[in-house]
Amino acid sequence: MEREKISDLATEDVIGGSIIFNADLTTCGRKNNHEYKVLDYSAVHSYIVENCTKMSEKNMINNMLAAGLLEKM
């Protein structure tokens, strides 16, 4: 994979944290991507963007499990 420069405006689209997705966005987890099956990536992404500054990754994952967006593997 080649490195490429990004503009300062592109950083607005970056979400930080330790929830990592696999390449095809079908699994995710904290510090690895083998813990949870992603049932609705769009909803998961939206939830993370909305809550990443308000709660921990662990709490977000627990809430997404309860909402049926993720499934324990």
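Is Y41 buried, partly exposed or exposed, going by its relative accessibility? Y41 comes out as partly exposed, at 30% relative accessibility. Keep in mind that this is a predicted model.

- Four strands make up an open, antiparallel sheet, running β1-β2-β3-β4 in order.
- The edge positions go to β1 (19-21) and β4 (70-72); each has a single partner strand, so one side of each lacks a neighbour in the sheet.
- Going from one strand to the next, the twist averages 30°.
- Three bridges hold the antiparallel pairing of β1 with β2 (residues 27-30).
- F21 has C28 in β2 as its bridge partner.

**The helices**
- Helix α1 (residues 41-51) lies across β1, β3 (36-38) and β4, and its direction is at about 155° to β1.
- Helix α2 (residues 57-66) also packs on the sheet, where it touches β1, β2, β3 and β4. Its direction makes about 95° with that of β4.

**The aromatic pair**
- Searching the whole structure turns up one aromatic pair.
- That pair is F21 and Y41: the ring centres sit 5.3 Å apart and the planes meet at 85°, so it's edge-to-face. The cut-off for that label is over 60 degrees.
- F21 belongs to strand β1 and Y41 to helix α1, so to speak two distant parts of the chain, 20 residues apart, linked by the pair.
- F21, like its ring partner, counts as partly exposed, with 22% relative accessibility.

Technical notes
Residues numbered from 1 in each chain as written. Predicted model: local features only at pLDDT ≥ 70, side-chain atom pairs only at ≥ 80, totals over all residues. Heavy atoms only, no water. Pairing = 2+ DSSP bridges. Axes fitted to C-alpha atoms, helices over the stretch in contact; angles between N-to-C directions. Contact = heavy atoms within 4.5 Å. Phe/Tyr/Trp six-rings, centres within 6.5 Å; stacked < 30°, edge-to-face > 60°. Buried < 20%, exposed > 50% of the residue type's maximum accessible area, 1.4 Å probe, protein only.
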